[in-house]
Amino acid sequence: MALPMIIIGIGQGFSFGQLTVSGVANTPKELGGATSSAVNVFHQLGSSILLSVVVTLTAGITNVITAYHYQTFLMAILMLVPLLMAINIKRLHRK
């Protein structure tokens, strides 16, 4: 159980920082706090929605171990999306 959680944590660490920076970039100073709050709300909302999608997709699996493996696999696949976004954002900021 620890290895998938470590991989997910690393993926979140690499992606959420870049996504947060891109979310607050080019905002006026007086809107910085509100923009940062909105970005954090969408991080939390996205995580909750994707967790419910994973649970819904694996709800019919009755074997606990099989369900765990499918859920972990789906979460790892879904973490690739923000990772690819973060890589793309970092590449765009270099130009």
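Guide: Welcome! Helices here are DSSP runs of H or I with at least four residues, strands are runs of E with at least two, and both are numbered from the N terminus. By that count, N26 sits in the loop between α1 and α2. The model is predicted, with local features needing pLDDT of at least 70 and side-chain atom pairs pLDDT 80 or more, while totals for chains, interfaces and linings use all residues. Residues are numbered from 1 along each chain as its sequence is written, and side-chain values use heavy atoms, leaving out hydrogens and water.

Visitor: Why is N26 called exposed?

Guide: Because its relative accessible area is 83%, and exposed means over 50%, buried under 20%, and partly exposed in between (1.4 Å probe, protein chains only).

Visitor: What phi does N26 have?

Guide: N26 has a positive phi of about 60°, although N26 is not a glycine. Most residues other than glycine have a negative phi.

Visitor: What makes P28 partly exposed?

Guide: P28 belongs to the loop between α1 and α2. P28 counts as partly exposed because its relative accessible area is 37%.

Visitor: How do you know whether T62 is buried or exposed?

Guide: T62 lies in the loop between α2 and α3. Its relative accessibility is 77%, so T62 counts as exposed. From T62 to V39, 23 residues apart along the chain, the C-alpha separation is 37 Å.

Visitor: And why is A67 called buried?

Guide: A67 is in helix α3, and it counts as buried because its relative accessibility is 9%. A67 and V55 are twelve residues apart in sequence, with 9.2 Å from C-alpha to C-alpha.

Visitor: What makes up the lining of the largest pocket, by class?

Guide: The lining has 14 nonpolar, six polar and no charged residues. Nonpolar covers Ala, Val, Leu, Ile, Met, Phe, Trp, Tyr, Cys and Pro; charged covers Asp, Glu, Lys and Arg; the others, Gly among them, are polar.

Visitor: Which helices supply at least two residues each of that lining?

Guide: α1 (2-24), α2 (32-57) and α3 (64-94) each do, and α2 gives the most, with eight residues.

Visitor: What makes L45 partly exposed?

Guide: L45 is found in helix α2. Its relative accessibility is 41%, so L45 counts as partly exposed.
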